[in-house]
Amino acid sequence: MWKRKELLNPDVPHCSGPEKKPLEIYMFVDPLCPECWALEPIMKKLQIEYGKYFSLRHILSGKLATLNMGRKKRYDTIAELWERTASRTGMSCDGNLWFENPVSSPYLASIAIKSAELQGRKKGILFLRKLQEVLFLEKQNVSSFDILKSCARSVGLDVEEFVTDIHSDSAARAFQCDMKITSEMDVEEIPTLVFFNSNIEEEGIKVTGYYPYEVYVQILEEMLSERPERSTPPPLESFLKHYRTVATKEVSVVYDITMNKAEKELKKLLLKQKVEQIPAKYGMFWRYNDI
């Protein structure tokens with residue numbers, strides 16, 4: 001039922017590594033979805049510990065982009081969901097956005113991500129994360145062209161090319177391709193992960209929603225013919241240097257330590273001026289300083 005759909009869109013560059021990994025994960029996301037944001041700590045941990053066994057492909061579902069966002073009742077519902085998700089998961093998102101500075105065009109935010117991807121999948125992933133930070137932490141309208149250009153500039157995109165691509169058929173086709181895959185694979189909720197092995201004819205394993213880390217590891221173990229070897233997380237400063245901005249919650253999950261312990265370790269880096277604090281409605285975020 002959930003056989004792999006090859007992304008045949010010629011406008012989107014494909015990753016090419018020195019060797020093909022045994023598994024592939026399709027991650028269906030929406031940039032405005034708080035549950036997708038809440039899954040970030042688990043996905044970072046999975047990639048750090050078992051990333052040598054799988055490649056990750058982000059698919060934009062377009063679920064929230066198709067909503068009629070113009071009704072206040074809808075804003076109330078979304079704001080409440082954001083607050084519940086933040087308090088439950090520790091990944092802060094401020095529902096007041098929907099009353100103070102609501103996203104006027106969810107569709108444009110998705111198109112912008114596909115435009116960033118045209119400059120490389122890694123750039124697309126960096127742009128998605130930056131857009132989420134601006135949305136959930138800074139309460140910015142991520143359908144504003146000024147905000148989108150700022151996000152593009154901060155992750156090293158060619159901003160002029162990025163703006164041109166937003167208005168191009170290429171970005172629109174790439175987004176339509178993602179939505180077609182979402183439909184054909186019967187993805188009705190986000191986030192959803194679909195795990196595939198190297199046999200393109202075999203069905204994938206679909207996991208919908210937010211689960212404990214161990215569930216995803218168990219699926220990897222079941223799909224591999226060998227028991228996967230867990231990699232050790234890098235030193236904390238290296239982790240921050242790579243990801244640039246992280247939540248205390250992400251450090252806690254990746255390093256298997258309590259929130260208090262994570263905060264103490266991060267404050268050590270703060271005293272060394274290696275990081276700066278970014279207060280959030282729920283918890284704290286930390287940005288790496290290039291000194």
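Contact, in this talk, means heavy atoms within 4.5 Å. Keep that in mind. And note that this is a predicted model.

Start with Asn96. Asn96 sits in the loop between α3 and α4. Buried or partly exposed? At 29% relative accessibility, Asn96 is partly exposed. Leaving aside neighbours within four places in sequence, Asn96 contacts Glu83, Lys139 and Lys281. Now look across to Glu80. Asn96 and Glu80 are 16 residues apart in sequence, and their C-alphas are 9.2 Å apart in space.

Asp94 is in that loop too, between α3 (72–89) and α4 (97–100). Asp94 is buried, with a relative accessible area of 10%. What does Asp94 touch, not counting residues up to four places away in sequence? The list is Trp82, Glu83, Phe136, Lys139 and Lys281. Glu83, Lys139 and Lys281 are also on the contact list of Asn96.

Cys93 next. Cys93 is buried, at 0% relative accessibility. How many disulfides are there? The count comes to 0. For Cys93, the nearest cysteine sulfur belongs to Cys33, and that sulfur is 9.4 Å away. The cut-off for a disulfide is 2.5 Å between sulfurs, so Cys93 is in no disulfide. Another cysteine, Cys177, is buried as well, with a relative accessible area of 19%.

On to the rings. Searching the whole structure gives 11 aromatic pairs. One of them is Tyr26 with Phe196. Where in the chain do the partners sit? Tyr26 is in strand β1 (residues 23–29), and Phe196 is in strand β3 (residues 192–196). That is 170 residues apart, so the pair links distant parts of the chain. Both partners are buried: Tyr26 has a relative accessible area of 0%, and Phe196 has 1%.

Trp37, Tyr75, Trp82, Trp98, Phe136 and Phe285 form it. Two of these, Trp82 and Phe136, are in contact with Asp94.

Now the nonpolar core. In soluble globular proteins, nonpolar side chains tend to be buried together. Here the largest nonpolar core has 75 residues. Which members touch the most other members? Phe28, Leu46, Trp98, Phe127, Phe162 and Phe195. Domain 1 (23–185) and domain 2 (236–288) both contribute residues, so this core lies between them. A second, separate core has 14 residues, including Ile48, Val251, Leu266 and Trp286.

Zoom in on Phe28. Its contacts, not counting residues up to four places away in sequence, include Cys36, Ile59, Ile181, Met185 and Val194.

Last stop, helix α2, residues 40–50. Is α2 mostly covered or mostly open? Mostly covered: 10 of its 11 residues are buried. Among them are Leu46 and Ile48. Leu46 belongs to the largest core, while Ile48 belongs to the second one.

Lys44 and Lys45 are on the buried list of α2 as well. Each has a ring to look at. The charged end of Lys44 sits over the ring of Tyr243, 4.7 Å from the centre. Lys45 lies over the face of Tyr213, at 5.1 Å from the ring centre.

That's my tour. Over to you.

Definitions and conventions: Residues are numbered from 1 along each chain as its sequence is written. This is a predicted model: local features need pLDDT of at least 70, side-chain atom pairs count only at pLDDT 80 or more; totals for chains, interfaces and linings use all residues. Side-chain values use heavy atoms; hydrogens and water are left out. Rings of Phe, Tyr and Trp (its six-membered ring) pair if their centres lie within 6.5 Å; planes under 30 degrees apart count as stacked, over 60 as edge-to-face and the rest as tilted. Helices (H or I, at least four residues) and strands (E, at least two) are DSSP runs, numbered from the N terminus. Buried means under 20% relative accessible area, exposed over 50%, partly exposed in between (1.4 Å probe, protein chains only). A charge sits over a ring if NZ of Lys or CZ of Arg is within 6 Å of the ring centre and within 35 degrees of the ring normal. A nonpolar core is a set of buried Ala, Val, Leu, Ile, Met, Phe, Trp, Tyr and Cys residues joined through side-chain atoms within 4.5 Å. Domain bounds come from an automatic or database domain assignment.
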